[in-house]
Amino acid sequence: MKAHSHHGKKSKPEKSHPPELATELTPKPAKISQTDLVLPLHVYLVGCGNIPTPADASAQTMGFKAWNLQRMAQMSLPVPPAFVLGTYYCSDPEGQAKAKDQSLWQAGLQALESTTRLGLGDARKPLLLSVRSGAAVSMPGMMETILNIGLCDSTVGGLLRQTGNPRLVWDAYRRLIASYGEVVASIASQHFEEATSALFGTRDERELDFAELRTLTLRFLEVYQQATGRVFPQDPKQQLSGAINAVFASWQSNKAVEYRRMNHIADSLGTAVTIQSMVFGNSGGQSGSGVGFTRNPVTGEAVPWVDFLFNAQGEDVVSGRRNAHGHEELAAILPTVWQALLNATQELEQHFADMQDFEFTVQEGRLFMLQTRAGKRTPYATARIALDMLDEGLIDRGVARERTAGLTREVLAQPRIVAASGKTLVPLASAASASNGVATGEIALDEARAAARHSAGVAVVLVRRDAETSDIAALELATGLLTQREARTSHAAVVARQLGKVCLVSCAELQIDENSRSIKIGGMTLKEGDLVTLDGNEGKLYAGAVKIEIDYPVELLKRLKALVP
C-alpha cells in the first residue's frame, strides 16, 4: 500500500467508513437532547449527541487536546465520546476543591453513559474510561494519563461477557492497578516491575496468556495493598475521583514545571481533564495503538510518519518503554485501517492547515482518533512544510512567511559526517533517527552527570535505556540523546526534536551497566565520560569524535528567499 502524496493541490478526500466491530465494545451513540441534562459551568461534552457546544468553549477553557477532539468529532472523524472538566478547575483554588466532588462531573458522566449505553460500575455492561490531561498549550508527556478506570472485581465479569476476550480483561485490569498505583497512590513503578520479573522473568508482557495475566493482576493487588496499607479501590467512582485529582495535580509536577519554564508558558493557564470512553488497542491481533505525523517531522517530506504497536495501548508507544515499528506492518496486515488513517490525515491537514501529530487506536479492525495537534518539527522540516503547503494552496504567503521567520542560512545548516583522509568510518551500531544532525559529547548516564559536565563546559550525550519525559532537565543540557528502547514518536523523542537535540532511539545493540557506569555496544565497552558521536542523518553511532562538514540547503534557501516581498 503506497502512502498518499501531499504534492500538488488536494481536493477534499472522501470520508472512510471503517468496518464495524465484530464485538460491539463501543455501541453507537444514543441521541441526547440538551434538555436531558444540565452541565455545570466549565464542563464540556465531546461526541455526545446533539448538545451544542457552550459559547465559552475554546482551547483556553477546554484545553488544547479536548478542543481538537471536539473539532475532529465535528469533522465526523471516529472519536470516542468524552466529557471535559475545563482549565478553570485547575487554575482556580475554589475550582480545585469543586473537582473533588462527584456532583461536578455527574452530568458529564450521565451523558457519556447515555451515549455509550454502558454504565460506570455496571456489573453487566461496564463503562471503562481514560482520564487525560490537556493544557491550553501542548505539553507532550508532561502530565499524567490513567487508562481503564472502571475495572474492579465486580466489573471484570461484565467486561468478559461483553468482549469474550479474557486476555484483554486481565491485561486492562493489571494495567489499571499499576498506573493508578503509580500516579494516584505514589507507588514507585519498580514495585510492579519487580513483581512481574519475580513471576515471569524477562518475558515480554505481551507474551503472557490470560491465566498468567490474571495471576499477575492478583499479585499487583497485593503489591498495592502492601505499599499503601489499603486495598485497591473497588468503587469505580472513587477510582475516577482519584484519577481526576491526580491529573489536575500533575500540572505542578517537576517535569511539567520545568517544561513551562523552558518554553515560557504561564503557570496560571492550568490543565483541563478529559474523561473519555475507552477503546482497546490491546484486544488482539486486529488491534493496536499508534502515534504519527502527517508529514515527516525531520525532513518535511510529504508522507506520513507513523509508529504502531499491535495488541497494545497508547501509553506503550508514547511512554518510551517499548520499541514501536513503522507503519509497514499495519499497512500489510490491516490495509483497510491504513487507508482509513491516510484519509483521516488528509482531512486533518485540510482542516488545520498544518502538519499534525496524532494518536490513534485500532480496536478489532476499527480506527479511532484520540488526539491531534500541530507537530513539533526540525527547522529544515519547518521550512519545507511551510513552502510545500503554500504551493499546495493550504496556506497563503503571509502564513508561510510567518512560519519561516528566523530560518536563516545558519539555522538551516546541516552538519554531515565525513571520513578523514585515508580513513574508513566504521559505526559501532545503527538506530532509528528521531531528530537529525550530528552531536559529539561525553557519555552521561543521568541528569547529575549531565549537569556536572555541562557546568564544566563539556558537551554531553545523554544515554538511557528508556528516555522518560522526567529526563527533560538533563535533555536540555545535552547535545544529543541515545536510547536502547523507545519509539521515534515517543514523548521524549518529540521533546528532543522540539529542543533541537540529535536523537537516536531503539538501539538494540546498546547495553547499559549502571553499576560500572559504562555501556557495551558493537563489541566495545565505553565508560561514562568517553566521547561518542551520534549521526542523526544516517542513524549511526560512532566512538570518539569525527570530522564534520557543513552543508547548506541551497534549493530550500532559494525558495525561502522568493517568499520575501
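**Exercise 1.** Is Phe360 buried or exposed, and what is its relative accessible area?

*Solution.* The structure is a predicted model. In this model Phe360 has a relative accessible area of 1%. The cut-off for a buried residue is under 20%. Phe360 is therefore buried.

**Exercise 2.** Find which residue stands opposite Phe360, and describe the strands involved.

*Solution.* Step one: Phe360 belongs to β8, and Gly290 stands opposite Phe360. Step two: strand β6 covers residues 288–293 and strand β8 covers residues 356–363. Step three: β6 and β8 run antiparallel and are joined by six bridges.

**Exercise 3.** Classify the ring pair of Tyr180 and Phe232, and state which parts of the chain it ties together.

*Solution.* The count for the model comes to 10 aromatic pairs. In the pair of Tyr180 and Phe232, the ring centres are 5.5 Å apart and the planes stand at 80 degrees. Planes over 60 degrees apart count as edge-to-face, so the pair of Tyr180 and Phe232 is edge-to-face. Tyr180 lies in helix α7 (residues 166–183), and Phe232 lies in the loop between α9 (210–228) and α10. The pair therefore ties together parts that are 52 residues apart in sequence. Both Tyr180 and Phe232 are buried. Ring pairs also link these two residues with Trp170, Tyr173 and Tyr224 into a cluster.

**Exercise 4.** Classify the ring pair of Phe358 and Phe360.

*Solution.* The ring centres of Phe358 and Phe360 are 6.0 Å apart, with 40 degrees between the planes. This pair is tilted. Phe358 is buried, with a relative accessible area of 0%.

**Exercise 5.** Describe the span of helix α15 and how far the helix is enclosed.

*Solution.* Helix α15 (residues 379–392) has 14 residues. From first C-alpha to last, α15 reaches 20 Å, close to the 20 Å expected at 1.5 Å a residue. Of its 14 residues, 10 are buried, so α15 is largely enclosed by the rest of the structure. Among the buried residues are Ala381, Ile385, Leu387, Asp388 and Glu392. Their cover includes α14, α16 (397–404) and α20 (554–561). Just after α15, Gly393 takes a positive phi of about 80 degrees.

**Exercise 6.** Locate Ser250, and list what it touches beyond four places in sequence.

*Solution.* Ser250 sits in the loop between α10 (236–249) and α11 (254–263). Its relative accessible area is 5%, so Ser250 is buried. Not counting residues up to four places away in sequence, Ser250 touches Met142, Met143, Glu144 and Ala256.

**Exercise 7.** State how confident the predictor is overall, and where pLDDT stays under 50.

*Solution.* The average pLDDT of the protein is 88, and 91% of the residues score at least 70. Over residues 1–29, pLDDT stays under 50. The model has 79 contacts beyond four places in sequence for residues 1–29.

Terms used: Residues numbered from 1 in each chain as written. Predicted model: local features only at pLDDT ≥ 70, side-chain atom pairs only at ≥ 80, totals over all residues. Heavy atoms only, no water. Pairing = 2+ DSSP bridges. Helix = DSSP H or I, 4+ residues; strand = E, 2+ residues; numbered from the N terminus. Buried < 20%, exposed > 50% of the residue type's maximum accessible area, 1.4 Å probe, protein only. Contact = heavy atoms within 4.5 Å. pLDDT = per-residue confidence, 0-100. Expected span 1.5 Å × (residues − 1). Phe/Tyr/Trp six-rings, centres within 6.5 Å; stacked < 30°, edge-to-face > 60°.
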